[in-house]
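Please keep the structure open while reading.

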Amino acid sequence: KKEYQEDKEAFLQEYQNIPLSEETLTFPHYKTYESAPKCDFYSIGIDPALGKTKGDYFAIASLGYKADEKRFYLTAFGYKKNPTDMIEKIIKTYIKYSKIARTIIAIETVAYQEFFKDVLKKVAKESEITLSIQEFKNNIPKELRINSLAPLIKDETILIDKKASLLIDELD
């Protein structure tokens, strides 16, 4: 762990046998921010997972847009928690941003995610909170979706939260 934190590229090359060069990276350069300004609009992306130790992370990403800067501020965190334990966190995140500006929750609704969306809406409604949820079904391959972000990250239209270490690891 120490070697990884000190020099990720060297660690991946030497210990993991994963050669990294700027030419092969999708995101060779990105700019981070310490503290996001108040934005004009927020979108909270939810990628539910079952929270199993060896499974995917349950991800919550927040993207704020500041119109006068024409810039997005992205933060994302992953959790290894049961989905029902994440509902309160999602609702709190929604409330936090909706006090500042218009806010929506975006969630892919295929199979399990659709069920999770319904449970999330029900729990929020029981707490007298109406969530603005935008459902979508992806038909574009994940790699293309990720690659489409590269120019926006490179030209600093999207800035990355310095505290989002899992996201930064994924970018690297």
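The points below are grouped by topic, after a short note on the model.

This is a predicted model, in which local features need pLDDT of at least 70, side-chain atom pairs count only at pLDDT 80 or more, and totals for chains, interfaces and linings use all residues. Residues are numbered from 1 along each chain as its sequence is written, and side-chain values use heavy atoms, with hydrogens and water left out.

**Helix H4**

- Helices (H or I, at least four residues) and strands (E, at least two) are DSSP runs, numbered from the N terminus.
- Helix H4 covers residues 112-126, and its end C-alpha atoms are 21 Å apart, which agrees with the 21 Å that its 15 residues should span at 1.5 Å a residue; the expected span is 1.5 Å times one less than the number of residues.
- Gln113, Phe116, Lys117, Leu120 and Ala124 of H4 are buried (under 20% relative accessible area, where exposed is over 50% and partly exposed is in between, with a 1.4 Å probe and protein chains only).
- Seen down the axis of H4, the buried residues fall within an arc of 105 degrees, so they line one face of the helix; the arc is that of the directions from the helix axis to the C-beta atoms.
- On the face of H4 turned away from the buried side are the exposed residues Phe115, Lys122, Lys125 and Glu126.
- The cover over the buried residues of H4 includes strands S2 (41-47), S3 (58-66), S5 (102-108) and S6 (133-136), and helix H3 (83-98).

**Thr109**

- Thr109 lies in the loop between S5 and H4 and is buried, with a relative accessible area of 1%.
- Not counting residues up to four places away in sequence, Thr109 touches Glu114, Lys117, Glu135, Phe136 and Lys137 (contact means heavy atoms within 4.5 Å).

**Pockets**

- A pocket is an open set of points on a 1 Å grid over the protein atoms alone, where a 1.4 Å probe fits, with protein on both sides within 12 Å along at least five of seven lines; lining residues have an atom within 4 Å of a point.
- The largest pocket has a volume of about 1,700 Å³ (the space filled by probe spheres set on the points, which are joined across faces, edges and corners).
- Of the 38 residues lining the largest pocket, Asp47, Ala61, Lys142, Ile146 and Leu149 are the closest to its centre.
- S2 gives the largest share of that lining, five residues.
- The second largest pocket holds about 440 Å³ of space, and the largest share of its lining, six residues, comes from H3.
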